[in-house]
Amino acid sequence: MTATSNPINFLWFIPTSGDGTYLGSSDLNRAPEIGYLTQIAQAVDRLGYSGVLLPTGVACEESFVTAAALAAKTEKLQFLVAIRPGTASPAYYARLATTLDRISNGRLLLNIVVGGSPAELAGDGIHLEHDERYAHAEEFFTVFEELLEKGTASFDGKYIKATNARLGFPSVQNPRPPLYFGGSSDAGIDFSVGRVDKYLTWGEPPAQVAEKVAKVRKAAGERGREVSFGIRLHFIVRETDDEAWEAAERLIRHLDDDTIREAQERFVHESDSVGQKRMAALHGGRRDKLEVSPNLWAGVGLVRAGAGTALVGSPKTVAARLREYQEIGIDTVIGSGYPHLEEAYRVAELLFPELGITREQQRLGFNNEFGRKQVFAGGSHGGNLKVVSGS
């Protein structure tokens, strides 16, 4: 069976910093009100997406609180919640994670975000250089994981010190919710291969993604581990290729050269993220160099930090591009589109059939991807935990 004979695990994005119809413009903007975010989550749940990503940062609504609110309004949807080590202690984050996993009945995934803006991190009390942040994250998650797996932890490290930390209640998933991570630097990759379950990349051209996947897979193998791979992409899918490219141009129709230049300068001066530099290098801030690979359009990255590329085209065209990533080893997609409510429908209705994705496949197959689902029947570690197969 080839990689492409299996459907892709498809998640969507919850725009907790706001949404809109145009990039770089306040026209037709939507605030991140809980009613609107609930609309997106409930639509995505019904349409057959397996989960949603909730980001973190000063411009975003808090990820754990928002996920808890949305979990109460959905049925099957998993929540890939951003966790930033250093903004709180590992013991506190362990309590947040287990509580959210319990009240959602095992629907929590965790996305480790070490952070790429020194200025923003300083505001959160984190004053560490780029590579040192990963050394700190290693200590943080040593305590975090031991708490979730054993219920107690002690650690005396350079950055983290915990004395007889305790966790009163276990997570539903055993031994913990799955860990996701995306980072392109050598320090980030070294951190990820020793700990995470799924490595994420932003939407670079297939050749660059293949190089990164090979590097991560080799590093993980040297640690005696295996990781799976996902990709973060925007989508502009229409019934024809021409319609899709017209929609892409409309998305940036209000962008002027000054706005683009200011955004690009801000990314350079405010971020030390290697991944952000790789995204910016794809287009160099130029409007005439936005198709950086067949149907891979970098227009989003002109003014948006982070994931800056979109797959543009008809359902057949975009499905073909995604199969190229599947052949490389990508099994999970985290998608988004502007505005997120309408584009969630377009992607599900137009693209999912081409990918062979059905609602039942998403809900039954991918929700147990890591095979660690549990149902709790007791009140604490050492209580009566009934294990349920994750096949």
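Visitor: Why is the pair Glu145 and Arg176 called a salt bridge?

Guide: The side chains meet at 2.7 Å, N to O. The cut-off is 4 Å between a Lys or Arg side-chain nitrogen and an Asp or Glu carboxyl oxygen, so the label applies.

Visitor: How do you know whether Glu145 is buried or exposed? And Arg176, buried or exposed?

Guide: Buried means under 20% relative accessible area. Glu145 has 10%, so Glu145 is buried. Arg176 has 4%, so Arg176 is buried.

Visitor: Which network includes Glu145 and Arg176?

Guide: A network of salt bridges links Glu138, Glu145, Arg176, Arg195 and Asp197.

Visitor: Why are Lys215 and Asp186 called a salt bridge?

Guide: Their side chains meet at 2.6 Å, N to O. The limit is 4 Å, so the pair qualifies. Lys215 lies in helix α7 (residues 206–222) and Asp186 in helix α6 (residues 186–193), so parts 29 residues apart in sequence are tied together.

Visitor: What makes Lys215 partly exposed? Why does Asp186 count as exposed?

Guide: Exposed means over 50%, and partly exposed lies between that and the 20% limit for buried. Lys215 has a relative accessible area of 42%, so Lys215 is partly exposed. Asp186 is at 54%, so Asp186 counts as exposed.

Visitor: How do you know that Arg238 forms a salt bridge with Glu343?

Guide: The closest N and O atoms are 3.1 Å apart. That is within 4 Å, so the pair is a salt bridge. Arg238 lies in the loop between β11 (228–237) and α8 (241–251), and Glu343 in helix α12 (residues 340–355), so the pair ties together parts 105 residues apart in sequence. Arg238 and Glu343 are both buried.

Visitor: What is the average pLDDT of the protein?

Guide: The average is 87, and 85% of the residues score at least 70. Over residues 375–380 the pLDDT is below 50. That stretch has 16 contacts in the model beyond near neighbours in sequence. Residues 382–391 are also below 50, and that stretch has 16 such contacts.

Visitor: Why be careful where pLDDT is low?

Guide: Predicted coordinates should not be read in detail there.

Definitions and conventions: Residues numbered from 1 in each chain as written. Predicted model: local features only at pLDDT ≥ 70, side-chain atom pairs only at ≥ 80, totals over all residues. Heavy atoms only, no water. Buried < 20%, exposed > 50% of the residue type's maximum accessible area, 1.4 Å probe, protein only. Helix = DSSP H or I, 4+ residues; strand = E, 2+ residues; numbered from the N terminus. pLDDT = per-residue confidence, 0-100. Contact = heavy atoms within 4.5 Å.
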